[in-house]
Amino acid sequence: MSWDAERSRSGKQPFQYVEIELDRCSRIYGDAFTSPPGSPLVGCQAQVGVTGADKCYNSWETCQDETNFNPLSFWVRFCEQTSDAPRSFNFDVASPSDEGLAVFLPLLRRVQYSPGLPEPGESLGQRSQLKVEFSDAPHHDIGIDKYVTERAFDPMTRGMFFRKLKARWPHYIGRRLRWYQGYIRQERTGYLSLPGTAGNFASTPDSPAVSIIADIDVRAKAALDDWTPAVFQVFISKDDVSGANREWQLGVKSDGAFQFTWWDSGGTLRQVASSVANGISDGTVKHVRATLDVDNGAGGHTVQFLLSDDGLSWTQLGTDQNAGAFTTSIRDQGSLVRVGGVGDSSFAAGKFYYAELRNGIDGSVVAAFDPGRASTGAREFMAETGEIWTVNQSGSPFAELIAWERPAATINDFRMREYVMERFEGPGADGRVAIVAKDVLKLLDDDRAQAPMKSKGELVNAMLASESPDAANIDVSTSELTEYDLTGSPSIGYVRIGGEVITYTGTAVQSATVVRLTGVTRAAPSPYTTEMKQHDAGDAVQLCVYFVGTIPEVVRELMVTYGNISSAFIPFTDWETEATTWLASDNISRLVTEPQGLKSLIDEIIQETLTWGFWFDEVEQEIKFRAVRPADIGDTVVDLSDDANIVADSVKLTDDPNRVINEVQMLYGQIDPTKRKDELDNYRKGLLVADADSQSTNEIGQRRIKRVFSRWNSTASESVVLRYAERTLASRSRNLATIEFKVDRKDEDIGTAQFADLQTLYLIDQFGLPVTTRMQIMRVDSAEEQVTYRAREDFFGAALFARWAPAALEGLFWGDATAAQREQYLFWADSNGDLGSLESPANPTDGKTWA
Amino acid sequence: MTTITHETIIDEASLSDALKPRIGHENLFRDGTVSASTEALNGAVAQAYDGLTYDAWVSTGGATEWVRVQVAGSPTPSADYMAVAAHTLSGCTLTPQSSNDGSSWSDLASAFTAVNDRPIVWEFAATQANYFRLSITNAPGAVSIGAIHAGLKLTMERGLAIGFEPPSLNEDVTFTNAMSEGGQILGRAIVRRGVETDIAANNVTWLWARDDWRAFLDAANLYACFFWWVNEGRGEIVYGGVDDPKAAFVDHELLRVSFEIKGINR
């Protein structure tokens, strides 16, 4: 089973857990002193009585040898307070290289989730936030404290879990918090208990499916009371013994060797045994298996015996066996298939957890004895493969089927989201604790990351408002000699002193506190201009950053280089595809001359370009990028309707008149990058585009103006700016509907920025009929089993659109294009109105003619 | 010697005061030296009796296992019940046993094969011994026990008061049901499952309340306990924490005692 299968099941049992990351030192207290005498000390050099009164808790806060502190991620897991929490769970699958508690602590009270909300065309929007509430409780420190058995006190009687945790690991800010949503299942298991006496076995009737006459593969999972039984015992057979109804059997001999016996189509008995004994301890559960390859391709047949602990990974018992140098077969006589014996003898004593018969080696399962499908004491049950199994009982004790169910889950039943911890709240008098965490874009907040970083340097000598006396070099006093170093190619750097930007091409260290900027030109890079001014010794010398590139390139540099966000979160190829497809690889550029918050920088890019948004997809653990665009060919557009999907009484329909814009005023081509953004005379170009219909009294009847001071668009971006203005108007000049509704988790198939065709009685046409409306998803709140969507009417609607093909397809004729190309790109006719492959009226090929 | 589970009671006839509820708050495993046949990584035996159900003793997977406690004291401690909860002993054959030397063991109840992971209680005649253990045979793999008790049970002086809500019929299960705007059923989900029930007994004596009830409250302030009750071949067993204990006179010499128990019965 899996997340996808479980979420659609009625009677599903949601289960969630949260794990928080601690930096726990991998070392053992004082392990350096276990080094052999005379060798260098390696590891922790703390000593009780020397570095501290007691051993540490392997946290930085309690560390007594900070030099050798070696932190690893250690995960503490909390689950809901339900009695159905799985009693064993393999956490290692999620974080194989990390350590963590082996059990859930059932202290999780609830998870309050506030999903992210991009603000298309405006800003990064709201960060998704998680507030996880816990109960505090005593804890024995087992699994947390490596030295719990050495402490002179009982941790259960000292403090509460979270209070102790916070005292030991106070540095939690920025550490990860993972939220797992998923399901637990009631997993059924069982066995058939066999006493080893006559008449006690399970059986299923003969059928064409189980009448295998060629390659065969038989398997059983059993715990025999005695794996070297005094009398031969059979695991599984198709052997009535009486008359000619004898086909095959697999059993174990008194010496512990396995034996496979079959009767060929001529009725001749064939028999082989494993070359070695099984070596299994009495009572131990083991998977056993035999395969018969009736024709091994070398004129013979091959029998293999195999053993396994899990039924998946098999080890051969001994060597290949055969009954002679001939090919063989199995006769079909109509015997029952039996588990635990043959017709009148060889009854097994022990427990049978499973048995199966496969047609062909590793072939399809044609009979599967699985007691977990029955109830305790059942005499009959139907297998997954459809046959009926009967438990045959005789005497006392007798064959008895025992089955049970227990909550179970695997990591595949869960969906993980990752955040960074922001703060603890509590614990308070009510014994409750809350942890607030946010998505990784929080790292871009203006108070956390800036570009460029604040420089430390100051002018050593005063400068005149002219290039003399020393135009080529500027000496800067700084505590960080490398901060002005140039990287990349060409090697050109820019600094800002006062309101002047200066270009330089190299650095040379002059002393321990002075670095010289060489190759200086007292001018900003084109197209910017700044005025040469007089500067005093001690004036700040601020390094500038000149960003030039596509939107994905610039934003990635901001996030990774300056925001310290892992590049693993950035699916850059996807970003580039989005930009190439929908933004024609528009280039943006800006010389940033003073430290500015990253969020502000990226918000500006979103406001000045056709960027729909950047947001963090917590499930896919990726920062997504989307252009303002309709659903692409190949995009999934989900149908959602009142009848099949939308939860009753969940629809809320609103307008968002504050978003309406019917006039765009755009100023671009900034002149002096050191001046304020909103200085009207500091831009070389301007553009005004208005939607007269929208402004008319028949529609909005008002001007709704958006004025953009665009620092990221240069004068070379005229066509880009025009496209921006026109598409902004197209998308915002109408009062588009915003709708909120809920669907069951089974229908949670779309995410932020994706599209859905919505059919609801709340969206109707002028005749009162429901009209299918294409909506773009703005926000997904999936904290509960009923998922809340907020969506906005898509201004493109479901109308057809066309787009320019990439340059590589220039000159492609309609007749030569593939179906996919015809669907995706715009073609136009020649002057004769023909779209033929030869652009000739005589060869219209597909018959497409411009009307 | 009686084995009590939710599904069946073996040898119910041997129970004395069968209709009176019992409380298992005393636990020799907490007081003695506990060991186990094997211990898996992260499955220390201490986790079987620490009163927490979310961690457990875990075996390494042998077919035959045991958990035992060695007790000391004068007089030699006694037990008349053993109980397990939060376990994965389904399919195992279980036998509570006692010993005076740690090597020769006597069965305190008949061997019993667990058919699910719900709590199990064994009642037997009060037995003085230096060792008590739960013998586990025919284990189908690694098994675990989150809570194990042995000791002298508290039998309530009176039967349960009218209005008792059997936990198995009143599980604290929270559901969500989703219906579409168009009237179709979109699914049903079990949100949470647990047990919470009120236990009360009328007309208990002052003496019983001051001695037996008081001792129970002292233990319950610190640890979870077992509560069980049998009726016509079925048991009701809860392992949980006690809330809101009360004792009030209902006339000039008899009291009504009550408490709420929150825990697990699965």
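Surface patches are made of residues with over 30% relative accessible area and no salt bridge, like charges being joined within 9 Å and nonpolar side chains (Val, Leu, Ile, Met, Phe, Trp, Tyr) within 5 Å. In this predicted model, A:Leu653, A:Leu761 and A:Tyr762 make a nonpolar patch of about 270 Å², accessible areas coming from the Shrake-Rupley method with a 1.4 Å probe and, for residues, only the protein chains shown counting as cover; a salt bridge is a side-chain nitrogen of Lys or Arg within 4 Å of a carboxyl oxygen of Asp or Glu. A:Leu761 is found in the loop that runs between β45 (755–759) and β46 (773–781) of chain A, where strands (E, at least two residues) are DSSP runs numbered from the N terminus.

Residues are numbered from 1 along each chain as its sequence is written, and chains are lettered from A in the order in which they are written. Local features need pLDDT of at least 70, side-chain atom pairs count only at pLDDT 80 or more, totals for chains, interfaces and linings use all residues, and side-chain values use heavy atoms, with hydrogens and water left out.

A:Arg626, placed in strand β38 (residues 622–627) of chain A, is buried at a relative accessible area of 11%, buried meaning under 20%, exposed over 50% and partly exposed in between. The side chain of A:Arg626 reaches the backbone oxygen of A:Ala753 at 3.1 Å. Beyond neighbours within four places in sequence, the residues in contact with A:Arg626 include A:Glu578, A:Trp612 and A:Gln776, contact meaning heavy atoms within 4.5 Å.

In chain B, B:Phe175 lies in strand β15 (residues 174–179) and is partly exposed, with 39% relative accessibility.

How values were computed
Helices (H or I, at least four residues) and strands (E, at least two) are DSSP runs, numbered from the N terminus. Buried means under 20% relative accessible area, exposed over 50%, partly exposed in between (1.4 Å probe, protein chains only). A polar contact is a pair of N or O atoms within 3.5 Å; within protein, one must be able to donate a hydrogen and the other to accept it, and residues adjacent in sequence count only if both atoms are side-chain atoms.
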